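Let's walk through this one chain by chain, with the overall numbers as our guide.

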Amino acid sequence: MFTDRKHRRGLTAWLVPMLLGVSPVSVAAEDAVSPMPDSWFEIPKTASEVGITSFSQSPMLDDAGLPPVKDRLPDDPPVIEPLNNIGVFGGRAQITLGDSWQFFNWESALTISADLRNFLPNLAESWEVSPDGRITTIKLRSGLKWSDGHPLTSDDFIFTFNHIWLDTDINPVTSMLVIGGRIEKVDNLTFRYVFEDPNPMFENLIAQYGSFMVDPKHFFVKYHPSFADREFVDAKVAEIGVPTWMALLDALRSAIIDEGLDMPTLRSYKIVQRTPTMVRFDRNPFYHKVDPQGQQLPYIDGIDAEDILDNAEVVTAKASTGQLDFAAFTLRTQDIPLLKLGERNGEIKVHIWRRLHSSDVAIQPNYNYADAKYRALLWDVRFRKALSLAINRPEMNEIIYFSRGVPRQVTVHPTSSYFEPHYATAHTEFDPDQARALFAEIGLKDIDGDGLVEYPDGSPLTITLEFLDFETPKGITMELVASYWREVGLDLRLKLVDRALQSARAQAGEMQMTLWHADRVTDILFPLVPDWWAPRSTGWDRGMWNDWARYYQTDGELGENPPEIIRQMQQWTDDMRYETDINKRITIGKQLLQANADNLWTIGTIGLAPHPVVVSKRLRNVLPKGIWGWDNRWTLAYHPSTWYFDED
Amino acid sequence: MRAYVIKRVFGMIPTLILISGLIFIVIQLPPGDIVTSTLDRMQSQGLEVSAEAVANLRAQYNLDQPLLIQYVRWIGGFLVGDMGYSYLFTRPVSELVWERLGYTLMITVSSLIFTWAIAIPAGIYSAVRQYSFVDYLITTIMLVGLATPSFLLALMAMYAGYELFGISIGGLFSPEYRDAPWSFAKLMDFLSHLWIPMVVLGLGGTASTMRILRANLLDELSKPYVVTARAKGVKPLKLLFKYPLRIAINPFISTIGLLMPALISGEAIVSIVLGLPTIGPALIQALIAQDMYLAGSFLMLLAVLTVLGMLLSDLLLAWADPRIRYE
Amino acid sequence: MSDVTINPAPAIAADLGTDTLQEISPRQLAWIRFKRHRLAMVSAGFLIAMYLIATFCEFISPYNTDTRNVKAINAPPMSIHFFDREGTFHLRPFVYGYHMEVNPDTWMREYSENTEEMYPIYFFETGESYEMWSLFKAKTHLFTTRGGYIHLFGTDQLGRDMFTRVFYGARISMSIGVVGVMLTLFFGVLIGGIAGYMGGIVDRGVQRIIEVLLSLPTLPFWMALSAALPVEWSSLMVYFGITIILSLFGWPGLARQVRGKFLALREEDFVMAARLLGAGRLRVIFKHMMPSFTSHIITTATLAVPGMILGETALSFLGIGLRPPVVSWGVLMQQAQNYQVIVMTPWLMIPGLFVVLTVIAFNLLGDGLRDAADPYNTGGNRD
């Protein structure tokens, strides 16, 4: 990945925009692509490399009694190039709290390139993975500071790793991701993570999840029993009303309580006020990035994030009427017409990004279900193929996605180096006759003439699919799927459940069938957590094979021993994880994906769906066509710190 | 009178105890608990969680103890004002309650006042001018308000408010007044947002209240003493207010107690649709996530308010009508 | 019977059709008074019509609830025409097909009448097959088209006919009202009667329970109970579960009234007389005490139905009552309760209109019954 990076970057620099613009329907003028700056794909240049000699700050900070901007920035700050224009300081953004992880991001040692494959240094100046993959060394930029001015050093990372992640009170069971690892300090700016087994993809974790791997030690030592006076901590716990000191730390880290308002951060904004309805952020005067003219980012001075409890409708209404400067997270595909109607008032602009999800709905048969007859039926690959062929994806695309989604199976994202087109199109044709033929081949016949097939032995066949209708349009998709399957003779019953039930029943393997949307499909996360393609871990969002996953997780103590082919797939995930040679890793990964294309462990419907991103007409530098998903932290690679309000 | 008051107040206590037990049972009924919800959220962020983590988290939250102990801990804390800790919001429950209680009461009370302000004159008019055209008109409007589901009414009112008056959608304040200090302008802004939930909630109770008043009044007006007074030449309006109305109001007062639960329930739905910072939406989230302390405390609080309301109306009734005291 | 002859008041005389005074039973009197209440009569007619429709909804609707018309996604209601665009009169009414264009700016489907496609409406015509009352198959519909399609209330986002869904929904929603109220009546009268008649410690215990139940906030408890309904239950069982939960909050109020009545009546002379004459307890209750307030019970029941219907819509709105694929007015409203519907596809709120009309009808009917049942009052309050 490192040696070939430049070459790959060149390939994906035009591949990615092409993918974003392409749709099965003819490409209209509005789909024309906005080119992203090359610098978003490369290691960011620093101020000295660009030739910046002086820095400037927002007027808001001029009389705040702070040290000069040059002293607040790191010694040689990274330069971020905006999408279109150099911005101007000023303004406060009105958003909802639901978008507070997207409107500005969390900062980690590494960040993600806009090609969704490679990593770039962020807080780090450089990093290195040892040839055997066991050691990941990070060298921080010199002069980085927390939002209270305190320097950022290796100690902060060490504190989090040793005293939060490895602390058995806070985390009684160490996460699989860091097990067998330790952290070593080299000097104030350099540290390394050392693992017993090869862990070459730890850098993926740092880039995607690393914001949770660093905390301001100087702040937390006051509250952590390993450092602070135990009595003081207990008194604080009682005073604030939390049950334990672990809960106190958790509340502080999430800045939910008033004490946490003082907590230093590395993000571009820090919390200054919290009321029942609103969280206010002001700019972080010690933020470490600048623009090509030496202006300290971010441009926008502050954020007012409204807390709207559990009502997406109000957010949509507010967004379409221009009351929000940015809205995206809670918006849905079906909101697009209303939002576009709102565009006519001239207050907002509706950008259409694409969701990262490989499929908005990944139907999951439960191979570990108790009933043997049902299990045997599910295990027959012809049955699963029939289920997939019976779904009329083009029609579904038209009805739900305005024909702008992409019919596909659950596989990796097109930007991924593991991707092959036939993984996505396997068995996605609409062929109900073939489906019926396959049913007949298996022995499913309609004996009693009611139009629905029974088991070969004559007993009635009914499948109940329980699911949680959340985020993607699952409910309406399943109503269509149910009618398609009924057409070929399968009796599918749908049952909506809530979160608690989904969690309990899916993990216990009690659901006959369930579903969820499929993310973690890019190079960033797929090789690290390929959970859609092999049973590695139990989960409430994966109901296919939790017993086999438990077996793998507990080394055979719990769960059920999987069949040979499944064990092979589990082995491949291990091989991928420990493999240091990127090409070999890709080969293994492709084997895994091919196995899914052949076997259809899950059945996909439509993916890469259009996702609305509403911005105020005054907000500039927002990428018009991006990829929206957890893998790339939604906006991380697109530099929201360079967004600004136009003066008029 | 005092004996009656003491009797009623003490009578409340066993009721409240029973209610608390009922609340606790009902919260525990659905399978799963706050731990599963929390872990779901963690898992959806890519963190892996095992069964042991679940067990430990449960112990941390004191959920592995027998139900009776959990109940005692909860109710014990509630009595001394420690309403526990919400795992859903990761804050003490009392903080959440105080933030929202004010707005809840404001909306509920203003709806109640709205109901009376409309229902009493309408009821009087209806009784006095029975079967007139205006009578039918009023009745029809009241009925439509009663019949329309509150969330539909709220949605349409929100839309109308925005389209016709430019009132910002959602919440009780426009963005510019949200955290500004109280001023006349802020008060006006607040009222302009308040009228939607007030009308939507109040309309539901108006029809029945109006009809009760009308029926009572008609009852009284046909009584001999009224006829006598008219025959003796007492002016109609003076007559109306001197005796029949006061008697007709009596059973009316008892409706305060009955309206409270309905108003509070209705407030929850309306607040969800309108995005208001009141108890209702938080309560529903808590119920879904099975956040025991938050849901239980909210419910207990609402029940206490209701019981107090009923007590108040009973006491008022007893004060107004001596016959009742000696039952 | 008796032939005392007095000239009765003209109004009564007109109703009776005679000008001599006779004895009439209370029931006849009640019917006369009821007829005077015109609104109540209209309401009664409306409700009878709705229940008929609900009973025969499979026959009356042109389609099934899950029939999808891919050519009509989110399509507006059709108008019925007798004159075509040239002005020619057709005896048989017809509708025009849809002409659909996708708006490139809003991605919305925009519909207009396609005067090239004319679909005459045929009555008692063979159409899609359905199962009447889940008992026997049939194919005859009250009205439908030959080829083509007809959507008098428009369609939803999957292209399903709203006319069909609204009337199938009527069956569920209106029956929940009736069944729920019957449950409420049963428990309310039974428990209230026992408490009132027996008095003493039984009475005090029941009073305590009633007080507890009345002070609970209804909605949160409905939620918690609905969430506890096992997932394995079939739609039918969930339906009954929801009905029981809804009536759980209705019976305490009724029980309290019944109890009050019983307490009062217990002291009445005629009850004592009956007991002295040797009548058994049950006989006293049913034959002597109950008739006094049967009318009151009927009125209360009628007025309680709307509460049930509104309760079901509230629960379904929150997503915890009935859920798809069950079709009730509440479920239909849940699918239509957003801003986009109001602005772009308002016909999806037609179920709400029916809820409103039905609730109003029940209220007016209850008013009429109440006025009719107390013939010697100008409108008594018995709350």
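Of the 383 residues in chain C, 51% are buried. Keep in mind that this is a predicted model, so everything here is computed from predicted coordinates.

What secondary structure does chain C have? You'll find 14 helices and four strands in it. As for how the chain is tied together, take the contacts in chain C with a separation of 6 or more: 66% of them are between residues 24 or more positions apart.

Now over to chain A, where the secondary structure runs to 20 helices and 23 strands. Its radius of gyration is 26 Å, close to the 26 Å that the globule rule gives for 648 residues, so chain A is as compact as a globular protein of that length. If you want a box for it, the C-alpha atoms of chain A fill roughly 85 × 60 × 55 Å along the principal axes.

How much of chain A is buried? Buried residues account for 64% of its 648 residues. The accessible surface of chain A is about 22100 Å², and carbon and sulfur atoms hold 50% of it. Looking at contacts in chain A between residues at least 6 apart in sequence, 72% link residues at least 24 apart.

Last, the charges. Chain A carries 64 positive and 90 negative side chains, yet the centres of these two sets lie 2 Å apart.

Notes: Residues are numbered from 1 along each chain as its sequence is written. Chains are lettered from A and ligands numbered from 1 in the order in which they are written. This is a predicted model: local features need pLDDT of at least 70, side-chain atom pairs count only at pLDDT 80 or more; totals for chains, interfaces and linings use all residues. Side-chain values use heavy atoms; hydrogens and water are left out. Helices (H or I, at least four residues) and strands (E, at least two) are DSSP runs, numbered from the N terminus. Buried means under 20% relative accessible area, exposed over 50%, partly exposed in between (1.4 Å probe, protein chains only). Contact means heavy atoms within 4.5 Å. The radius of gyration is taken over C-alpha atoms; the globule rule is 2.2 Å times the number of residues to the power 0.38. Accessible areas come from the Shrake-Rupley method with a 1.4 Å probe; for residues, only the protein chains shown count as cover. Lys and Arg count as positive and Asp and Glu as negative; His and the chain ends are not counted. The place of a charge is taken as NZ of Lys, CZ of Arg, CG of Asp or CD of Glu.
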